[in-house]
Amino acid sequence: MNNLFLVVDATIKGSFSKLTRHRMPGALPFGAKYRLIDFTLSNCKNSQITNVAIFPYGNYRSLADHIGSGDRWDLNRRKDGIFILPPKNLNLTIDDSISFQRMYEHIEYFLRSNQEYVIVSPANIVWNVDYQVFLHSHLVNNADITEVLSGEHKRLKTYILSKKLLLEYVTHYDSIQFRNLSDVFDYAPKLIRNPYVFENACFYIDSPYDLFTANMQLLLPEVRAQLFYKGRSILSKETMSAASRYGENSSTKNSIIASGAIIEGSVENSVIGRKVVVKHGAKIRNSVIMNQCIIESDAVVEYAILDKETIVKNGSIVSGDYQHLFVSEKKQTVVSNEELHVLQITAECWPFIKTGGLADVVGSLAENLVTQGIVSCVIMPLYSKIKEKYSLLMELKAEQVIAYGNELYKAALFSYTDKGTTYNFIESYDFFDREKVYGYPDDGDRFAFFSKAAVQFLDAFEVVPDIIHIHDWHTGLIPSILKESKRYHSIITLMTIHNIEYQGVQDASILTKLGLAEPISPRPSINFMEIGLSNATTISTVSETYREELRYEYYSKNLVDVINRRDRDFYGILNGLSDEFDPKSDLIIHQKYNLINVFEAKKLNKFDMQQRLNIEVGEQYFVVGMVSRIVEQKGFDILIQAMDEFLQNPNTEFVLLGTGEERYLEKLRLLAEKYPRRVSMNLVYDATEPNYIYAGADVFLMPSRYEPCGIGQMIALKYGTVPIVRQTGGLNDTVDHFDFMTKRGNGFKFYNYDFKDLLFQIRNACQLFNEHPHEWKQLIINAMNSRFSLEQSTKSYIELYSSMVSKSLKQ
Amino acid sequence: MKKTIVSMILVGGKGSRLKEITKDTAKPAVSFGAKYRLIDFTLSNLTNSNIDVVGVVTQYEPYDLMSYIGSGASWDLDVVDGGIHFLTPYAKNGDVLWQQGTAHAIRQYFNFVKEYQSNYVLILSGDQIYKMDYQKMLEHHLNHNADITIACTNVEKEEASRFGIVTIDESNRVKTFEEKPSKPKSTLASMGLYLFNTNVLEKLLIFDKSDEIIDFGKNILPKSIADGDIVSAYTFHGYWKDVGTIESLYQANMDLVENPDFLTLNTSRNLPIYSKSLNLPPHIVLNHGDIKQSIIADGCLIDGKVNHSVVGYECIMKRGSKIDHSVIMPNTIINENVQLRNVIVNKGLEIPKNYKLISDEIVLLDSTNIRKIGEIHE
């Protein structure tokens, strides 16, 4: 009997980075000739399901193209069939599974479907399954909701319930607390829950690593036997290619090879897609090579995922390792890692000067590039603070007269080499010999002059850099200046957005002063960041999710058009955390610790913090910590109300360190008065010593409205302090929601910028803390095991640099 | 619906020289090049030439071929106005209209041509391996103001007497046409591929209703030349193979093995040869697999040595086996320690353990002779 219809949840974005730039996870190639969604759709056919709806997000062209009319899976029907239901509200940002709100947009589909039960399942599971078996279990157990788990008890985000019950949630999506079926399964009261464990081979593909391991598992006969068998075959779109051709000197062992491949080199333990060419002398080991890649002669590819149409040039070596796979982008050309010269031009760089996170990123990137074999340089202004401290170490490299406006200015270039990186400083009495870094009325002129001088001083470099990497608005004019330059117009540029709120809106006369052409319709003001984003070769930001969010006006505001125009050249690379943050070597905290003594040490650190801040001392208090600038962005609009309610629970405490806007400070002081001895407000910015809070609090709060990357949550994780964050930007990319059933996850996340949702998750955490000490300990261990290394972030930048260079060679 | 051109593919013949290979199937459905059937080439040429009305004139063992072609969707020939039509023998007023000769079959279905009111009729055969743009042939036809155009290709002198041989003048006009002459006057052979003006074809097909066999090569074309119709020869220069014998089938497969750019099968983006997708998983090479200069299709599991050979889809080849200069048709199982050389293995055969057949000339191995030739060695 056919009483089941299927909702394919293709809204899951996963963390694939490059692989999903041009497609959704469901459309990812898998197993040499399939796409992930083939498994779900074939399962439909094999389960006699004829009514299927796919809810995609974003770029679903590739998926729609693959599915076509659905005839491949017998879904091209007169009655029912397959429906692709795209988002209507384009301002809904990515979620981790399909929301009731998203379903409500297509409520007509649900009302019209006349099957009694519905299965909701993601498009990125590799399995061969009869869905009717799930329904049977659901009915036999008289369940309200059934969730399917893999043999390893991973959650598969696959649910069975009656259409009637689903419609209750969908139609009331705006008044209930649950956003999706996971929430319902985890939190809804009075439901009969039925977890069903699927014992056969099953892979939930959520990252390049998952994709790689699942492909490698296909090399095992027992796994293949559970996925591919007669009578329940996995169907894919019909495409055409000849049979594969092997050359005279080819060698192939233990590999899967799709049709149309030409193998002249050697292939071992790999999965090779359609029409891949492996030329003479090329070696491929332990890799996943997607359709139409070309591996040229004598190239070596190891532990890599090469996306479609990647070309690995003659003799190039592409090698990752099991933990850090090499992943190429679609149509990338990979050339051998010849020595790459990268010059960063920036307004600030740690350790010389720092006003915010930008300096840390630039400084640590410069330092880490060297360890990866890149020639790394930096140019920055010589502020008086730097001069005082470093002038003895620097040597004069060049002097120039720079024309700016109608004036000529004298400038000098000093340089200082440390740990392989050459730091260059531009001295100008007129512009940089001042007390502060920013905050002068002529900031526009200062950084325009700096940009021009930096390009002019390239004359003093022995080797012209391959790439100039610029940061934020201050250096936004550099790509335009380079384009006008005779000598340097071919240098390619990467512009990184650290915070899009600061854009450098300045007087339009600056362009004239720089000798740059006036825009066609002269406006009274120009926007440094906008000009930079338009003219840089490639642009990036500091997390994958923030990159995604910037496509929406809510986040990118006035720059939404330019961001969307540059979407194809826009990348997200997560910042790393310096090794300096480590509780096992932290001298400031009361008791150093690592995974072995964490539970004992955190208790002592908690007592120490409570005493220091003069609040009630005791293990039983659930301490919420926060270190933050107190501004709107950081979520204080929802925070104050949420904490006010939460603190009514007498066993809770709140510790805050930071300073900022008076309108919040006042309310925070009132909060402290209302709950004496349980709230500690330290409303001064004491950035040097927040560590005792990271070490002493139980949870760390970051309910930001937006957060490009964020560092606090990474430090908190390292210190085993559980983060509670809003699902935005870098917070989304670093924190995984703790799942009670599987004991996976390293923190708590909420989606809506709403005090109720925040409060719900704080209470959720508090409940786990009080009632499930064992799970709480597991959560702390998960947190401390999270890794966000500078090395990984640096490698990602290098991959991006290399692909930029190879792209520019192609043109 | 009016169409400029309709095509009719003649697939009737039994192809008895292919022996057991065509026991249960028409010749155009014979497997070639690991994953193709012979008919794929003609159907792909049609779709690549934008000709979408195709009559498939079948007679002998039509089932396999018809189910293979299906709606024609694999070749994009499932169009609303036109597409694939199967033209099978039928009974009329009590007489069974069994087709007698190639032209006879066309006359029987002349209504099909009329339905599309086409100006030109393209007559093709379904058992040849080549890649051709029929629109270029039509251009030639129009440029030469021809009534009939015959596609021709140069063949080896020794082989010429196997074909219809034409002689032409300097303007490509055909002077003589002789079917399988004992003393060929030239090496320019008809490919059995003709383009007719519809009215000329209609005129030529009026002949006495008799039991006589009516053939294009033997009857129609010589008659037309004698009538003074303008018959033009279009010389085709690419690869072309008429697969009529075990040897030519083997040779065509070896041509594919030896020429990496054979009909640009692996490299062309614009003119692909389509075949029906069987939804097979990719092939797998296991730890003892060793493949040199060979063609392997989907669904195979290879754990032996393959050299200079073609292995069709869904073949299983177990450890210790060696095949050399051979053609393995689809769905074959080769058990442990089998050795083959210069063998065509017929579809679906299971070769027992330790079987050995090392031959100097090309042999067809099938269920009728597996016990007679070859041996089980220890």
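Domain bounds in this account come from an automatic or database domain assignment. The model is predicted. The predictor gives the complex an ipTM of 0.90 and a pTM of 0.85. For chain B, the mean pLDDT is 90. In that chain, 94% of residues reach 70 or more.

Chain A is divided into four parts: domain 1 (4-205), domain 2 (245-334), domain 3 (341-576 + 795-806) and domain 4 (598-788). The centres of domain 3 and domain 4 of chain A, taken over C-alpha atoms, are separated by 35 Å. These two domains are in contact, with 14 residues from domain 3 of chain A and 10 residues from domain 4 of chain A. On the domain 3 side, helix α16 (residues 544-549) of chain A gives the largest share, four residues. By class, that side of domain 3 of chain A holds four nonpolar, eight polar and two charged residues.

Two helix pairs in chain A were examined. In one pair, helix α20 (residues 636-646) of chain A packs with helix α25 (residues 755-771) of chain A. Their axes come within 9 Å and cross at roughly 45°. Angles of 65 to 115 degrees count as roughly perpendicular and those under 35 as roughly parallel; α20(A) and α25(A) are therefore oblique to each other. The crossing of α20(A) past α25(A) is right-handed. From α20(A), the contact involves A:I638, A:L639, A:Q641, A:A642, A:E645 and A:F646. These meet A:F755, A:L758, A:L759, A:I762 and A:R763 in α25(A). The residues of this contact between α20(A) and α25(A) comprise eight nonpolar, one polar and two charged.

The other pair joins helix α10 (residues 357-371) of chain A to helix α27 (residues 790-810) of chain A. Here the axes are 9 Å apart and the packing angle is about 80°. The helices α10(A) and α27(A) are therefore roughly perpendicular to each other. A:S364, A:L365, A:N368 and A:L369 represent α10(A) in the contact. Their partners in α27(A) are A:L790, A:E791, A:T794 and A:Y797. Four nonpolar residues, three polar and one charged make up the contact of α10(A) with α27(A).

Two backbone features of chain A also stand out for description. The peptide bond from A:W350 to A:P351 is cis, and its omega is near 10°. A:P351 sits in the loop between β28 (341-345) and α10 of chain A. A:K157 has a positive phi, near 55°, in a residue other than glycine. A:K157 belongs to strand β9 (residues 155-162) of chain A.

Chain B is assigned domain 1 (5-263) and domain 2 (279-376). The C-alpha centres of these domains of chain B lie 33 Å apart. Their contact takes 14 residues from domain 1 of chain B and 22 residues from domain 2 of chain B. Helix α8 (residues 246-258) of chain B supplies the largest share of the domain 1 side, seven residues. That side of domain 1 of chain B divides into seven nonpolar, three polar and four charged residues.

The two chains also touch. In this interface, 27 residues of chain B are in contact with 25 residues of chain A. On the chain B side, β16 (283-285), β17 (290-292) and β18 (294-296) are the elements that give two or more residues. The side of chain B that touches chain A has 14 nonpolar, 10 polar and three charged residues.

Terms used
Residues numbered from 1 in each chain as written. Chains lettered and ligands numbered in written order. Predicted model: local features only at pLDDT ≥ 70, side-chain atom pairs only at ≥ 80, totals over all residues. Contact = placed C-beta atoms within 7 Å. Nonpolar A, V, L, I, M, F, W, Y, C, P; charged D, E, K, R; others polar. pLDDT = per-residue confidence, 0-100. Axes fitted to C-alpha atoms, helices over the stretch in contact; angles between N-to-C directions. Parallel < 35°, antiparallel > 145°, perpendicular 65-115°, else oblique. Left-handed = near helix turned anticlockwise from the far one by under 90°.
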